[in-house]
Number of protein chains: 2
Amino acid sequence: MQSGKPSLHTCLSPALLHLYDLQGCLVVIIDVLRATSTIATALHNGATAVMPVATVHRCIELGKALGGITAGERDGKVAEGLTYGNSPLEYPESFIGGRLLVLTTTNGTKLLHMALDSGAEEIITGAFVNLSAVCRYVQEQHRPVVLGCAAWKDRMNMEDTLFAGAVIDRIFEHFHINCDASHFARNLYRLAAPDLFQFMHENQASHYQRLMGYGLEKDIRYCLTPDQTDVLPIYRGEQLVRG
Amino acid sequence: MQSGKPSLHTCLSPALLHLYDLQGCLVVIIDVLRATSTIATALHNGATAVMPVATVHRCIELGKALGGITAGERDGKVAEGLTYGNSPLEYPESFIGGRLLVLTTTNGTKLLHMALDSGAEEIITGAFVNLSAVCRYVQEQHRPVVLGCAAWKDRMNMEDTLFAGAVIDRIFEHFHINCDASHFARNLYRLAAPDLFQFMHENQASHYQRLMGYGLEKDIRYCLTPDQTDVLPIYRGEQLVRG
C-alpha cells in the first residue's frame, strides 16, 4: 500500500498465479475469447446466473439437477453431451432470458477456481464487452487487484493481455503498480487500441487464428468491441450473477 | 516445422519453461540485468570461461578447487564469502584476462540448469551487449529456438522481454512463430528501441528501479547498449566459453 494506493498486478498465465498473494484481493478473471465475453453477454440478456464448471461431466450433471442450459466447446465444437457452444452470439435475450447457463470452459474456469482456492476476497469477470463496468468497479473497491489472464493452456495470449492493458490504461493513477507485466500490457494495449482486430490479425495471435479457422470472425469482432453492456459479473455462491 | 522454417518461442518466466518442448532446441538464456551482460563482457575481455553456479556455497567451493574468481551478489551487495559482484564493469581485460570466473546468480543460473534438465540441445546466453552475435548464431543453426527469459523470481521482467523482442525483430522471417509472447515481445521492443533506458525509466521497470536504488545507473546504461562485443557464450562442459 505504498503511497496510500492499493497495488495492482497482472498475472499473464494461471501457471504464474502462485506468485501473487491473493488474500484480500479483488481478482478479475479474463478470458476474452470467449468465456468472459459470453458470461457478460448472457447476464446482460437476462440469464439468472452463469455457473462456470470445469468438466463436461459436471456441466451435464448440474444442468440436469438445476434445469440449466448446458454449454461448452472442446476443439471448436459443442462438446458431446452438451447443447450449446461458447459463442456470445448464441445467447440473445429471447433465448437466455430467465434461464440459468451452466458453462464449461477450460482456461477461464480453471483460473477462477485457482483464485478461489488461493484465498481471493472477491472475483469478477471481465472482457472488452463490459470494459467500463469492470474499470468502474475495480477503481471503487480501494483494495489490491490482480488481473488474471486465463491464457491458453498456460501460455500467455494476446487478447487477455490486451484487455488487462485496457483496464490498466484507464485506472492506473489509482493504483501502485510495481509489476512489469502490467506496464507491458498497458503499452501493448495502447499500440493495439486504434484497431484491436487488425492488431490481432497482423500479430498472428494464436487464438485469433484458431477461431478464424473455425469461421468465427463475427465472434472475434464482437468480443473485441468495448462496452456493449454495463453488466458486472460477480462470483457469489458458485455462480456468476449481475453485480 | 511448418512452411519448412524452424519454430521460435519466447518463454517469459522459468515457471513457464515446462510448457515448451526443448528436445533438439537451441535455448538462449537471457538475464540482461546483469548476469548475461556480465558473462559476455568477461569472455570478451579474455576470461577463459564463466562457470555459472546456483549457490554461494558452490561458488566458493569451485573457486577454491579451480582457482577461479568468485563473484555474485545477493540483494545488491557482494555475497558473503565471495570476492566480486555482478557488474560487467568490474571485469576489464586487465583483471579478468586469462582467468576463470565462477559466477553465482539466482534467476539466470536457475533457468540454465532447468533448460539442461529439460533436454535442450544447446545453450547460449544473450544480452544487448552481444545482440548481433546472438542473432547471427540463432539464425544460422536452422533448428527450433526458445528464447528463455530469466525474469525476476519467476515474474516476467521488462529488460529480458525487450531483449527477446530485439532478437525476434531481427530474425523473425527465418522462423515460424506461433507464440503470442514472441509477437508481444517484438512489439514492445519496437516501442522501446528508440531509447531503451528512457523506456525502462518511464515504465517503472521493477529491476531498473531496484538497480537505480543501488546507484547502478552506469551498469544499466551499459547493459542496454547493443553490440559492445561479438562474443557468443556457449555452454560446454558446465561452463560458458567463447563460441
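## Helix 2 of chain A

In helix 2 of chain A, which spans residues 56-66, the residues Cys59(A), Ile60(A) and Gly63(A) are buried, where buried stands for 20 or more other C-beta atoms within 10 Å of a residue's own, exposed for 12 or fewer and partly exposed for what lies in between, with C-beta atoms placed from the backbone. Seen down the helix axis, these buried residues fall within an arc of 95°, so they line one face of helix 2 of chain A; the arc is taken over the directions from the helix axis to the C-beta atoms. Helices (H or I, at least four residues) and strands (E, at least two) are DSSP runs numbered from the N terminus.

The buried residues of helix 2 of chain A pack against strand 3 (49-53), strand 4 (69-74) and strand 6 of chain A, a contact being counted when the C-beta atoms of two residues, placed from the backbone, lie within 7 Å. The face of helix 2 turned away from its buried side carries the exposed residues His57(A) and Ala65(A). Helix 2 of chain A is followed by Gly67(A), whose phi is positive, near 70°.

## Basis of the model

This is a predicted model, in which local features need pLDDT of at least 70 and side-chain atom pairs count only at pLDDT 80 or more, while totals for chains, interfaces and linings use all residues. Residues are numbered from 1 along each chain as its sequence is written, and chains are lettered from A and ligands numbered from 1 in the order in which they are written.

## How the two chains meet

Chain A can be laid on chain B with an RMSD of 0.0 Å by a turn of 180° and a shift of 0.0 Å along the axis, the superposition being by least squares on the C-alpha atoms of residues with pLDDT of at least 70 in both copies. The two copies are thus related as by a two-fold rotation axis. Of the interface residues of chain A, 100% are also interface residues in chain B, so the copies meet through the same surface.

The contact takes 23 residues from chain A and 23 residues from chain B. On the side of chain A that touches chain B, helix 6 (158-171) and helix 7 of chain A each supply at least two residues, and the largest share, seven residues, comes from helix 7 of chain A. By class, this side of chain A has eleven nonpolar, nine polar and three charged residues, with Ala, Val, Leu, Ile, Met, Phe, Trp, Tyr, Cys and Pro counted as nonpolar, Asp, Glu, Lys and Arg as charged, and the others, Gly among them, as polar.

## The crossing of the two helices 7

Two packed helices are described by the angle between their axes and the distance between the axes. The axes of helix 7 (residues 180-192) of chain A and helix 7 (residues 180-192) of chain B come within 10 Å and cross at roughly 80°, the axes being lines fitted to C-alpha atoms over the stretch in contact, and the angles running from 0 to 180 degrees between N-to-C directions. That makes helix 7 of chain A roughly perpendicular to helix 7 of chain B, since angles of 65 to 115 degrees count as roughly perpendicular, those under 35 as roughly parallel, those over 145 as roughly antiparallel and the rest as oblique.

In this crossing, Phe184(A), Asn187(A), Leu188(A) and Leu191(A) meet Phe184(B), Asn187(B), Leu188(B) and Leu191(B). The residues of the contact between helix 7 of chain A and helix 7 of chain B divide into six nonpolar, two polar and no charged.

## Backbone geometry in the loops

Most residues other than glycine have a negative phi, and most peptide bonds are trans. A cis peptide bond joins Leu33(A) and Arg34(A), with omega about 5°, and Arg34(A) has its place in the loop between strand 2 (26-30) and helix 1 (35-44) of chain A. In chain B, the peptide bond from Leu33(B) to Arg34(B) is cis, with omega near 0°.

Phi of Ala151(A) is near 60°, a positive value in a residue other than glycine; Ala151(A) lies in the loop between strand 8 and helix 6 of chain A and counts as buried, with 29 C-beta neighbours inside 10 Å. Glu238(B) has a positive phi of about 70° although it is not a glycine, and Glu238(B) is exposed, with 11 other C-beta atoms within 10 Å.
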